[in-house]
Amino acid sequence: MITAGVDIGSLTGKALILEDNNIVAWSLIPTNPDSSVTVQRAMDAALEKAHMSLDDLDYVVSTGYGRLVVPFAQRNVTEISCHAKGAHWFFPEVRTILDMGGQDCKAIRCDDTGKVTNFAMNDKCAAGAGRSMEVMADLLQVPLDDLGELSLQIVDAMVPISNTCVVFAKSEALSHLRRGKHRSDILAGVCEALATRVHSLMQRVGIESEFVISGGIAKNIGIVKRLTDKTGLTPRISFEPQVVGALGAALFAQESLRREQQA
Amino acid sequence: MIAHYGYADGSGEYYIIIDTDRCNGCEECVKVCPQGVLEVALDDYDKAVARVKEDVVKSIHFVCWGYHRRCASEESNCHAVCSQDAISHTW
Amino acid sequence: MLTVGVDIGSLTTKAVVLEDSKVIAHELVLTGESSREAAARAVQGATSVAGVDIGDVARFVSTGAGKSETPYEGDQATEVLSAVRGALFYYPSARTVIDMGAESVRVARCGANGRVVDFGTNDKCASGTGTFLDTIAKALELTAEDIGPLSLQAKEDILITATCAVFAESEVVGLIAQGKDKASILNGITRSIASRVYGLANRVGINKDVIFIGGGAENIGLRKSLESLIKQELLVPPDPQLTGAVGAAVIAQEKSKAQ
């Protein structure tokens with residue numbers, strides 16, 4: 001059984017090809033303003049790596065923001081359910097998932113089969129998503145990949161950021177910078193604020209071990225460390241946290257196909 | 001499944017919470033809402049349940065009057081008409 | 001009687017000098033990092049323009065996000081009450097006030113006597129505010145004054161899905177990359193904010209006459225968009241950004257007279 005999952009986010013498009021219980025290939029590409037272009041490129045990239053063509057796929061499920069524009073998908077499933085399924089494949093003991101991309105943050109509780117039991121998603125406000133990190137990295141002229149690490153290297157003391165709204169937090173951070181505060185100390189405040197917000201979202205759904213982090217934020221050690229402290233749990237992070245959704249979609253594809261074959 | 005629809009931002013936390021295990025898709029809440037916030041649709045596990053309309057979620061504080069803030073004191077509201085106790089609000 | 005109303009907002013601080021029933025001077029400064037200093041500068045500026053001494057002022061009333069940080073002795077009034085009093089000052093027939101500031105938006109319903117009947121607020125979030133518009137203006141390399149008139153020249157209907165100023169900015173950048181024209185984009189953005197503000201107003205209830213104040217009221221595109229949603233004419237006082245401060249000055253008068 002060969003299935004594929006296509007996860008179109010606002011910043012990245014992912015496609016993953018699953019053969020029985022093996023990940024054959026996956027792709028991760030930046031999105032194009034035209035979703036259908038993103039879809040095609042992501043799928044083609046994965047197929048190329050797998051040395052397969054679209055016809056080799058028995059069933060395709062799409063998910064993410066662009067889930068309604070994948071013409072070759074037989075079904076679409078919400079990213080919430082796909083993330084739970086994908087995380088569960090990597091870590092069967094997972095019961096709490098945190099997924100944060102550039103534009104949203106999801107807190108998900110699931111049962112021992114990877115089925116969602118509780119979720120809360122915040123995709124309205126940049127302050128609770130990866131975008132806040134990008135804005136601060138840009139403002140303080142720090143590479144995004146280094147931001148997390150830097151936020152842990154406090155020189156004097158963490159500079160608290162009182163504004164939630166990124167637009168106002170930006171001015172606040174800038175004025176601290178102008179008054180001579182260290183970048184690391186300001187970033188510590190920024191990361192602390194985001195981690196607190198994220199933790200709050202997680203508390204809304206309840207936090208139970210094992211705890212998995214997926215999405216771009218998993219690569220931010222500054223947030224991961226702070227969440228570890230706040231939850232008292234050590235998060236598990238999958239090998240490529242950004243394709244968990246596409247994997248989940250491919251797994252849903254397997255389930256749908258099995259149901260069809262049984263019918 | 002407990003589904004939280006809404007967001008938290010600088011202004012506060014605004015979530016409409018629907019327990020899809022309890023929800024029976026009767027649509028009473030859909031009909032009673034003065035702002036047309038809700039609809040019934042199939043979820044990922046093929047059950048017809050109530051949810052907040054996708055294009056309303058991100059403006060929920062501007063559109064939904066808020067159960068505790070306002071609708072609790074109206075003649076009828078989405079909590080009152082739900083026979084399954086499936087819906088709640090954080091504001 | 002001389003009173004001074006100070007509206008210490010998150011972006012700008014406004015001071016107004018009221019002499020009996022006339023606004024005789026005003027001053028607007030950027031709030032910056034210190035509300036206290038901004039209040040001092042605004043009061044200094046306004047009293048100086050009015051040609052009066054701070055000592056001549058019967059009472060100060062402050063409102064706005066920074067109302068508790070003032071360098072002078074005075075009272076505080078809520079933004080909602082100040083907005084209502086300010087609207088009534090210009091329009092005794094005012095019964096609904098929509099106040100769009102830089103960081104907050106509020107709608108209040110009032111009686112003829114200025115009593116607040118109900119109100120709704122969304123604050124500390126740029127999504128229904130002037131900052132949303134300013135952020136987009138900057139992204140389009142336009143000034144705040146340009147965007148209102150330009151939005152009226154839209155060629156097509158564009159739906160903006162983001163309600164966050166930061167996400168909307170990216171959405172706009174994406175639309176520009178797709179070749180959409182600025183006027184249509186601005187129109188989409190304007191309609192998006194207007195729908196949020198209308199939602200808030202709808203919850204509070206809309207009674208004639210409806211007054212639009214705050215920095216946001218200076219945007220003609222927004223006024224028209226809101227008017228088409230509430231299906232009523234919006235009355236806008238002169239210098240709508242100062243109406244809150246005027247209201248505070250009116251409250252100062254009321255308090256002094258009551259004593």
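A cavity here is a set of grid points where a 1.4 Å probe fits but cannot get out, and its lining residues have an atom within 4 Å of a point. Keep in mind that you're looking at a predicted model.

**Stop one: the largest cavity.** The space inside comes to about 100 Å³. Color the lining by class and you'll get eight nonpolar, three polar and one charged residues. Searching the whole structure turns up three cavities of 30 Å³ or more.

**Stop two: where chain A meets chain C.** Now show chains A and C: 17 residues of chain A are in contact with 16 residues of chain C. The two chains bury about 1200 Å² between them, with 65% of it on carbon and sulfur atoms. Pick out A:Lys124, A:Val167 and A:Phe168, which supply 43% of the area that chain A buries against chain C, more than any other three residues.

**Stop three: the salt bridge.** Select A:Arg179 and C:Glu33, whose side chains meet in a salt bridge at 3.1 Å, N to O. The count of salt bridges between chain A and chain C is one. For polar contacts between these chains, the count is two residue pairs.

**Stop four: the helices on chain A's side.** Highlight H3 (131–139) and H5 (166–178) of chain A, each supplying at least two residues of the side that touches chain C. H5(A) gives the most, with four residues. Across that side of chain A, the residues divide into nine nonpolar, four polar and four charged.

Definitions and conventions: Residues are numbered from 1 along each chain as its sequence is written. Chains are lettered from A and ligands numbered from 1 in the order in which they are written. This is a predicted model: local features need pLDDT of at least 70, side-chain atom pairs count only at pLDDT 80 or more; totals for chains, interfaces and linings use all residues. Side-chain values use heavy atoms; hydrogens and water are left out. Contact means heavy atoms within 4.5 Å. Buried area is the accessible area (1.4 Å probe) that two parts lose on being put together, summed over both. A salt bridge is a side-chain nitrogen of Lys or Arg within 4 Å of a carboxyl oxygen of Asp or Glu. A polar contact is a pair of N or O atoms within 3.5 Å; within protein, one must be able to donate a hydrogen and the other to accept it, and residues adjacent in sequence count only if both atoms are side-chain atoms. Ala, Val, Leu, Ile, Met, Phe, Trp, Tyr, Cys and Pro count as nonpolar, Asp, Glu, Lys and Arg as charged, and the others, Gly among them, as polar. On a 1 Å grid over the protein atoms alone, a cavity is a set of points where a 1.4 Å probe fits but cannot get out, and a pocket is an open set with protein on both sides within 12 Å along at least five of seven lines; lining residues have an atom within 4 Å of a point. Grid points are joined across faces, edges and corners, and a volume is the space filled by probe spheres set on the points.
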